Amino acid sequence: MKLKRTYIPQRNILNYSVREREPKGRVKVLVIALIVFLALIGAAVYAVFRADFFRVASLEVSGNRFLDRDAIVDAAAEAIAERSRVAPLLGREHILFWGLSPGKLSFSAPPELASVSVSTDILGRGVKLSAEERNIVHIVCKTAGSSCYGITGDGLVFAEIPRVVGSLILQIEDMSAEPVAIGEPYFKDTEFLARVEETTRILESKGFTPALIRVRDHALYEWEALLPSGVAMYFSGSFVPKDLPLILDELRRNGGINDFRYIDFRVEDKVFYQ
């Protein structure tokens, strides 16, 4: 049997060798590029999370009267951390932590704090927190003991305070044994105190300024205004009596109310007296 020779030009053999080596070369280049890319990513992550350039240089707190600086900072930081998944990774020492939630943060706790406005200066690495604390609109004091509580305009208990004498703020004596919880409504109906305040203003405008305002039992949902003459006025916590100014004017024209023991406005559109 005779073998047949096949001639392959030298240039083809070289081409085959180059083509066989090309895939290995590409893999090497891709590996190097990937390493460089990951190194850059790592450097960027380190720069963002750890570099001193992003560390907070100054943190100012203003507007606080009852709460100290640390309480304001802690409350604002916790609120921001709850809003963002990235914030806890950065930490409050990082300027971008505060930059994640610029604007106003609202709070239900701590009860003294209503809101905090956050502003950041990224380049200057400065943070400013402006606190807005709740104001005492009403004061309720327990008859048994010396405990008094500051109440917000929406009826929330936000602080225990000393007993006040001669305050311009509406003050109520609470004779009930109902427990008081900071941060919770004093009365179940948060409009109860607003109605008491509105009725009291009408009484004062007509010359019947109460010497004492008292709540005996929360379940009865009523209150009384005791005048300096000793006359008691009873009111429901559900409404402000209709035509109360006209009724008071009529009482004044008829010689006042010093001869009465009490006047009862607890039934809507009716007045009882003795």
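## A right-handed disulfide and the strands around it

The torsion about the S-S bond of Cys-141 and Cys-148 is about 110 degrees, so this disulfide is right-handed. The model is a predicted one. Within it, the sulfur atoms of Cys-141 and Cys-148 lie 2.0 Å apart. The structure holds one disulfide. Are its two cysteines buried or exposed? Both Cys-141 and Cys-148 are buried.

**The setting of the disulfide**

The bond links residues that also face each other across a strand pair. Cys-141 stands opposite Cys-148, which belongs to β6. Strand β5 covers residues 138-142, and strand β6 covers residues 148-151. These two strands run antiparallel and are joined by four bridges.

**The open sheet**

Strands β5 and β6 are part of an open sheet of nine strands. Its order is β7-β6-β5-β8-β9-β10-β11-β12-β13, with mixed pairing. Which strands stand at the edges? They are β7 (157-161) and β13 (272-273). Each has a single partner strand, so one side of each is left without a neighbour in the sheet. As a rule, strands of a sheet pair through backbone hydrogen bonds, either parallel or antiparallel.

**Strand pairs by bridge count**

| Strand pair | Residues | Direction | Bridges |
|---|---|---|---|
| β2 and β3 | 103-106 and 113-121 | antiparallel | four bridges |
| β3 and β4 | 113-121 and 126-133 | antiparallel | eight bridges |
| β5 and β6 | 138-142 and 148-151 | antiparallel | four bridges |

**Around β3**

Strand β3 pairs with β2 and also with β4. The hairpin of β3 and β4 has four residues between the strands. What phi does Arg-125 take in this hairpin? Arg-125 takes a positive phi, near 55 degrees.

**The whole protein**

The protein has six helices and 13 strands. Of its 274 residues, 32% are buried. Cys-141 and Cys-148 belong to that buried share. Contacts also reach along the chain. Among contacts with a separation of 6 or more, 52% come from residues 24 or more positions apart. The accessible surface comes to about 17,400 Å². Carbon and sulfur atoms account for 55% of that surface.

Definitions and conventions. Residues numbered from 1 in each chain as written. Predicted model: local features only at pLDDT ≥ 70, side-chain atom pairs only at ≥ 80, totals over all residues. Heavy atoms only, no water. Pairing = 2+ DSSP bridges. Disulfide = S-S within 2.5 Å. Buried < 20%, exposed > 50% of the residue type's maximum accessible area, 1.4 Å probe, protein only. Contact = heavy atoms within 4.5 Å. Areas by Shrake-Rupley, 256 points an atom, 1.4 Å probe, with all protein chains shown as cover.
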